[in-house]
Amino acid sequence: QQQQQQQRQQQQQQAKPKQRQYPHAPIATVSPFSRPVKKVVVVGGTHGNEYTGVWCIKSIERQRELFDGTSSSSSSSPSSQGDPAQPVNVFASFPSLDVDTLLANPVAHMQNKRFVEADLNREFSIDRLKRVAAVLDGNGNDDAASASSCDVATEFCSTDEERNLMLGASLPHEALRAREIEALLGPKILAESNTLSSSSSHDVDGNSVVPEDEGEEDTNPAPLADIVIDLHTTTCNMGISLIIPEGDALMSAAAAYVMHSCRAKYGYPHVQILMHALPKRKHRMNLSSCGRHGFTVEVGPVPQGVLRHDVVEKTEAALHSLLEFLHLRNLELENEKDAQTKEKDEGASRHSNVVEGDATDSPPTTTTVLDRLRRLHPGGTVPCYRSAPAVRPGELSGKISWPTDPTNPNFPAVVVHKSVQDRDFEPLRVGDPLFLSLDGKVIPYYGSHGEEVHLIFVNEGGYYYASSGTGIGVAVKSQFDWETGWFVIEEDGGESEEVVVDEEDSYE
């Protein structure tokens with residue numbers, strides 16, 4: 001009888017629906033999908049030797065010339081977002097969006113280098129931007145991005161050589177460039193406080209939340225860019241990786257849409273979402289955090305300083321899918337607005353003339369992009385990889401770092417083991433081979449980030465630099481709610497898995 005009772009209890013426990021927990025989520029009050037997206041900035045060359053993004057923004061500018069009729073080329077670029085085999089003109093295909101481009105690090109790009117002095121994609125934290133602002137203000141300088149004689153979107157505009165020599169000892173080239181870009185896309189440096197006015201229900205990241213300090217006036221201006229799309233490539237076997245921050249519902253829904261589009265419409269099976277557990281915009285150090293929303297596309301493998309047609313196609317598939325999502329949602333918001341206006345104008349007379357069973361009482365039959373996502377993900381959750389938290393300077397996320405040669409900090413003292421190479425997003429367990437030393441000794445994974453992890457950016461060429469954070473990225477399988485943007489933990493009474501990171505790395 002006791003055994004039968006225990007079996008019944010187990011069956012009842014299994015039959016109970018799992019409780020969904022949002023470990024870091026505030027309470028939502030207003031839909032984050034109610035605001036249209038207008039200003040979209042597509043960025044290439046954040047790392048100067050990643051040529052695919054630069055090619056894509058140059059292509060967009062050529063499309064602009066064709067659309068405006070200012071190009072001398074006799075070729076045409078039709079609006080054909082429905083046919084992946086045909087070229088897409090983003091201005092014809094997505095007219096609700098105001099698309100601009102930005103060459104992030106033109107000096108490094110001309111030198112075919114990842115960066116000149118420091119990794120530009122690590123220079124956008126509030127602390128670093130403040131440091132630059134303090135130095136510039138201390139030398140009587142207005143923001144360099146206000147220089148009317150320079151095109152900040154394609155040039156490095158801090159051209160005062162005498163001043164730059166004076167500041168050179170304390171500020172790297174990329175720090176000055178980051179300040180220019182922040183002024184062009186942000187501001188971000190003024191958005192350190194996340195307080196809101198009593199009339200607002202969105203934080204500076206565009207998320208819908210209940211204000212922590214309701215009634216306190218917010219003087220932070222909205223970023224000039226609604227969304228910054230940063231195009232990157234990697235030397236690793238990452239396929240099409242869509243990188244978004246936790247807590248941004250619009251980008252979470254967009255990533256789910258893009259992942260499905262790249263797989264179903266374009267036929268790319270190796271597409272995944274990587275979410276960084278950085279819900280506060282002020283804590284993000286990457287370039288795309290300058291906008292209200294940030295979205296990073298990372299495609300690989302491709303060598304540094306090399307253009308490949310197939311990698312360009314994959315990048316554009318993700319980019320066009322993202323623009324399609326934003327454009328369709330804009331059209332739906334406009335239609336909803338028109339319908340509400342029409343209903344308001346018709347007034348009570350409309351309802352008095354409606355007979356029971358009249359078709360005018362039927363709900364709308366239009367399927368929205370959000371409806372599509374609800375059908376694709378009935379439970380509301382989307383699979384993703386959650387990056388481990390960063391523990392060292394220069395890291396966007398946690399890494400298993402490797403020891404470096406005593407005579408050259410950029411040269412590893414071990415080599416990535418062949419059983420790990422090209423196996424991005426595949427599991428690594430304690431005891432599995434990880435590195436090989438100069439004397440031929442196999443160094444296993446010691447469990448510094450948990451019993452089982454998934455490696456990302458395996459042997460990434462850009463991570464040989466200390467300023468980018470050396471080593472191999474670490475993530476765990478997870479899921480998020482696409483309507484809120486927050487990680488979800490499904491629990492049935494047991495302990496939920498968390499990313500555990502040891503600050504002391506066993507491999508150093």
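How are helices α8 and α10 oriented to each other, roughly parallel or roughly perpendicular?

## Packing of α8 and α10

In this predicted model, helix α8, which spans residues 249–264, packs with helix α10, residues 369–376, at an angle of about 70 degrees and with 10 Å between the axes. Since angles from 65 to 115 degrees count as roughly perpendicular, α8 and α10 are therefore roughly perpendicular to each other. Their crossing is left-handed, and the contact is made by Ala253, Ala256, Tyr257 and His260 on the α8 side and by Val369, Arg372, Leu373 and Leu376 on the α10 side.

## Confidence and overall make-up

The mean pLDDT of the chain is 81, with 70% of the residues at 70 or more. Residues 191–218 stay under 50 in pLDDT, although the model gives this stretch 69 contacts beyond four places in sequence. For residues 492–508 the pLDDT is likewise below 50, and there the model has 43 contacts beyond near neighbours in sequence.

The chain holds ten helices and 19 strands, and 49% of its 508 residues are buried. Of the contacts with a separation of 6 or more, 76% are between residues 24 or more positions apart. The accessible surface amounts to about 24200 Å², and carbon and sulfur atoms account for 49% of that area.

## The surroundings of Met275

Met275 belongs to strand β6, residues 271–276, and its relative accessibility of 0% means that Met275 counts as buried. Leaving aside neighbours within four places in sequence, Met275 is in contact with residues from several parts of the chain, namely Ile244, Pro245, Glu246, Ser252, Tyr385, Arg386, Ser387, Phe480, Gly485 and Phe487. Phe487 is 212 residues from Met275 along the chain, yet their C-alpha atoms are separated by 8.8 Å.

## Backbone features in the loops

Most residues other than glycine have a negative phi, and most peptide bonds are trans. The bond from Gly186 to Pro187 is cis, with omega near 15 degrees, and Pro187 is placed in the loop between α7 (173–185) and β4 (227–233). A cis peptide bond also joins Gly300 and Pro301, with omega about 10 degrees, and Pro301 lies in the loop between β7 (293–300) and α9 (309–352).

Asp422, in the loop between β12 (414–416) and β13 (427–429), has a positive phi near 70 degrees and is partly exposed, its relative accessible area being 44%. Phe457, in the loop between β16 (452–456) and β17 (472–481), has a positive phi near 50 degrees, but Phe457 is buried, with a relative accessible area of 7%.

Notes:
Residues are numbered from 1 along each chain as its sequence is written. This is a predicted model: local features need pLDDT of at least 70, side-chain atom pairs count only at pLDDT 80 or more; totals for chains, interfaces and linings use all residues. Side-chain values use heavy atoms; hydrogens and water are left out. pLDDT is the predictor's confidence in each residue, from 0 to 100. Contact means heavy atoms within 4.5 Å. Helices (H or I, at least four residues) and strands (E, at least two) are DSSP runs, numbered from the N terminus. Buried means under 20% relative accessible area, exposed over 50%, partly exposed in between (1.4 Å probe, protein chains only). Accessible areas come from the Shrake-Rupley method with a 1.4 Å probe; for residues, only the protein chains shown count as cover. Axes are lines fitted to C-alpha atoms, for helices over the stretch in contact, and angles run from 0 to 180 degrees between N-to-C directions. Angles under 35 degrees count as roughly parallel, over 145 as roughly antiparallel, 65 to 115 as roughly perpendicular and the rest as oblique. A crossing is left-handed if the near helix is turned anticlockwise from the far one by less than a right angle, and right-handed if clockwise.
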